[in-house]
Structure formats: C-alpha cells, structure tokens
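Dear colleague,

Please find below the structure that I am handing over to you.

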Amino acid sequence: MISFKDKNSLCKKLGYNNLKPCLEKLKFLEKNGIEAFLKTNFKYDFVLGSELFLKKVIELYGNDEDMKIFEKTREKLSRKSGHLFVNTNFKRVSQPIFVLAFMEGLRNILIDRASFENKEEELAYIRKYVKKHYKENNGKLELWGNIQNYIYKSEWFDKYLVIDKDGNVINQMDEFNPSKAFLKINGKNIEIKMK
C-alpha cells in the first residue's frame, strides 16, 4: 500500500491548483489500493486522468512492486471480451428480422476476461460455462434450435475453438463468420442486449 506524508505538496507537484479532487483520489488510493483505484471511474478533474494520475503517483512514491501491480491490473482491465457463439445451424425461414435481432444475444455471448491470469484459466472457465449453459437450456436455444456446439475466440487463442456440450475442445478453425441479425435505424446499428 502506498501512503503519503504531505498530500498537499504532492498534489501541487502533480499540477493541481484545486487540491480537493487530488486529495480525494489519494485518500481512495491509500484506503483501497492500486487495483481498486484502476477499477474505479473518477470524475475527470481537468488535470490528470485517473490512470495517468496513478502512474505519476507510483513513479513519485511507489516502488517496483507497485508499478508491477499497476501494469498487470491495467493489462487485465484492457482485455477485450471473448466471444462465445452458440452454434445451432440455424436457417432463417420466415422469422421477422427484428425478432432475430432481439434474440441475437442468446447465441452471441460476451465473456469478460479481466479475472483470468492465463489462457488455461480462461479455457477452464469456458469449458465449465459451456456445460452449464447446455444443461440450463436443455440443449436448445429458444428460436434458434438445438445446440450443436459452441465456438469460442479471444486474444489468447490463435484459432476458433469448437467445443462440444460436455466442454471438450473437439476442433479448431482458422476462420468463422456466423450470420448475425441486427437492426439499423438511420444508418446506425442498434444493439439489443439480453440479460
């Protein structure tokens, strides 16, 4: 944990004339630590954005371990979501496009990757998630049909992973381009998220 003796002079050194926003950030940092600081959205204070503020504070008062925590947490939080596609081999017959767009979230699932330390942890989570998802949906997705398999991709995997209902990786593909239903109003895609 980083602690500060003279917070006022530190704030001035960082370029703050109005010390209040700086002092609030420093108090939060002392109490909650680097990781919690990076996960919090502070109001922009017209001097330094939160990430740059923290980096400068660590450079002035932190140590190598603090900088490692900063870099590792920043990398985790910047990871793009993984994409899990529930493959049902769906063929559109007469379903209205707005209904398909509304239901798209059932078969295109975003996976938050911020908590995984490595790709092995991520894959273990995906395998467990697939088994649970298949069981909870009794092997069928409303409107889309029977679940054939799952296809997963994230930055840590070079290829698309094809995963069966039991969570086993059964194949890998270089490319995968599923059809996607979407709505467009005035030239802008409208994204509908399901909970």
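Two strands are said to pair if DSSP finds at least two bridges between them. Helices (H or I, at least four residues) and strands (E, at least two) are DSSP runs, numbered from the N terminus. The model is predicted, and local features need pLDDT of at least 70, side-chain atom pairs count only at pLDDT 80 or more, and totals for chains, interfaces and linings use all residues. Residues are numbered from 1 along each chain as its sequence is written, and side-chain values use heavy atoms, with hydrogens and water left out.

I begin with strand E5, which covers residues 149-153. Of its 5 residues, 4 are buried (under 20% relative accessible area, with a 1.4 Å probe and protein chains only). Strand E1 (residues 82-87) pairs with E5 in the antiparallel sense over 5 bridges, and there His-83 stands opposite Lys-153 of E5. E5 also pairs with strand E6 (residues 160-163), again antiparallel, over 3 bridges. Tyr-150 has Ile-163 in E6 as its bridge partner, and a hairpin of 6 residues joins E5 to E6.

Helix H3 (residues 50-61) has 12 residues and reaches 16 Å from its first C-alpha to its last, close to the expected 16 Å; the expected span is 1.5 Å times one less than the number of residues. Its buried residues are Ser-50, Phe-53, Leu-54, Val-57 and Ile-58. Seen down the axis of H3, these fall within an arc of 130 degrees (taken from the directions from the helix axis to the C-beta atoms), so they line one face of the helix. The buried residues of H3 pack against helix H2 (19-39) and helix H4 (64-77), where contact means heavy atoms within 4.5 Å.

Yours sincerely

Key
Buried < 20%, exposed > 50% of the residue type's maximum accessible area, 1.4 Å probe, protein only.
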